Amino acid sequence: MNFNDSQDLAKRTQGALASLKSASLTPSPFMKTRILAHFEEQSQKIKSRSKFWFWSFSTSGGVFSLALIAWIYLISSVTLQGVEGEELLLRYGYQTLAPQIASVEVVLPEGVNFHSRRHPHVRDLKVLKISGERVRKLGYLPVVVRSDTPGKKNIHFIFRDEGGKVLKEKHLRIQFRHKGSSASLKPMRLPT
Amino acid sequence: MDFQQSIQLVLRAKAGDRSAFSELIDLYQTALFRFCFYLCRDQSRAEDLSQNTLIKAFEKIHKLQEAEKFRPWLFQIARHEFLDFVRSHKREEIRPIADDEVVQTPHEQDLEVREILAALDSDSQICLVLVDMEGYSYAEAAEIIGISEDALRSRLHRARKEFLDKYEKTETLKLPKASTL
């Protein structure tokens, strides 16, 4: 490799990675507080270990009940979630059915749009038909959607074979929240 | 704050001065957070990684031999935190998407670039983030990764080539047949 090639490689890489950089990227203002609190807690723990054991035994019943209620709440609230005005990438799996699939149609409800940086025209579509070898090979369908309004939205998937016969239909319900209503979304896997 | 002042802070923190801890957090938390965020691509995970890094650093600061090496030493800890994170999440990430399972991810404009970066091995990602995104010198990046400067240059060259190959070839799901039915 010569110096110029190497410089060119560096420039092109930096150019491509520049899109990821964000000047406004800062940690939560509470991170420092949490770190200092951790050390404070460590020193307090040593001082009050005996008191802690007394209180932990006497309150363990209540704590257990609270934990149980929290667990039940979490289990019952697991659902697909998005945020209004923000793109959400969904990957729906169909491994077993994949060899028979020739095309997939994705039908969106009112207020929900497709999103693609490379194919911006899909934004205006309400129904998207995707076909070809790639649909079979992937074993899952990636779609990026965006809702302009909050609320529950239903996305309809229709899987067809070569002859156009419907092999399977699937409705995915997504709860789009108000923007800024709670913490950012995390990637997650959900059985449907 | 100049370099000498930051060394004084590290020396005070080594002596157990809590206010020096606090000032060191102010000084390094943003750079550390950005480094973690570019690697793990998730705000809350990046916060967890940077928080754990700073906690471990202050717990072990008495072991730091040279106060002037505090920054690379801190990022070495962050690198180990990231590698542990990758190991613990690898099984989950490589598991294929099962029948009727949905994986949901907040989508961002630069998801493709992020995914290409994430597909490289961990040390290549770290090289690119340190040098090409955060502007660290080869010497400092080599020290953080724990390799020689020559090895860093060679690894970085490989990482850049691999990244660009994928970046320039990449195509998202082809949708030319999109049509309103």
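Which residue takes a positive phi just after α7(B)? Keep that in mind as you go through these close-ups, which come from a predicted model.

**View 1. The end of helix α7 in chain B.** The residue to look for is Gly146(B), whose phi is positive, at about 85°. Now step back into the helix itself, which covers residues 138–145 of chain B. Its buried residues are Ala141(B), Ala142(B), Glu143(B), Ile144(B) and Ile145(B).

**View 2. Helix α6 of chain B and what follows it.** This helix has 12 residues, numbered 122–133. From its first C-alpha to its last it reaches 15 Å, close to the 16 Å expected at 1.5 Å a residue. Quite a list of residues is buried here: Gln125(B), Ile126(B), Cys127(B), Leu128(B), Val129(B), Leu130(B), Val131(B) and Asp132(B).

**View 3. Helices α2 and α3 of chain B, crossing.** Two packed helices are described by the angle between their axes and the distance between the axes. Here, α2(B) spans residues 18–40 and α3(B) spans residues 43–59. Their axes come within 8 Å and cross at roughly 140°. Angles over 145 degrees would count as roughly antiparallel, so α2(B) and α3(B) are oblique to each other. The crossing is right-handed. Look for the residues where they meet: α2(B) brings, among them, Phe21(B), Ile25(B), Leu32(B) and Phe37(B), while α3(B) brings residues including Ala46(B), Leu49(B), Thr53(B) and Phe58(B).

**View 4. A five-stranded sheet in chain A.** Strands of a sheet pair through backbone hydrogen bonds, either parallel or antiparallel. This sheet is open, with mixed pairing, and you can read its strands across in the order β1-β8-β7-β3-β5. At the edges sit β1 (80–83) and β5 (127–131) of chain A, each pairing on one side only. Going from one strand to the next, the twist averages 25°.

**View 5. Strands β3 and β5 of chain A, side by side.** β3(A) takes in residues 103–107, and five bridges join this strand to β5(A). The two run antiparallel. For one bridge to pick out, find Val107(A) and its partner in β5(A), Val127(A).

**View 6. Val166 of chain A.** This residue lies in strand β8, residues 166–177 of chain A. Ile101(A) is 65 residues away along the chain, yet its C-alpha atom is separated from that of Val166(A) by 9.4 Å.

Technical notes. Residues are numbered from 1 along each chain as its sequence is written. Chains are lettered from A and ligands numbered from 1 in the order in which they are written. This is a predicted model: local features need pLDDT of at least 70, side-chain atom pairs count only at pLDDT 80 or more; totals for chains, interfaces and linings use all residues. Two strands pair if DSSP finds at least two bridges between them. Helices (H or I, at least four residues) and strands (E, at least two) are DSSP runs, numbered from the N terminus. Axes are lines fitted to C-alpha atoms, for helices over the stretch in contact, and angles run from 0 to 180 degrees between N-to-C directions. A residue is buried if 20 or more other C-beta atoms lie within 10 Å of its own, exposed if 12 or fewer, and partly exposed in between; C-beta atoms are placed from the backbone. The expected span of a helix is 1.5 Å times one less than its number of residues. Angles under 35 degrees count as roughly parallel, over 145 as roughly antiparallel, 65 to 115 as roughly perpendicular and the rest as oblique. A crossing is left-handed if the near helix is turned anticlockwise from the far one by less than a right angle, and right-handed if clockwise. Two residues are in contact if their C-beta atoms, placed from the backbone, lie within 7 Å.
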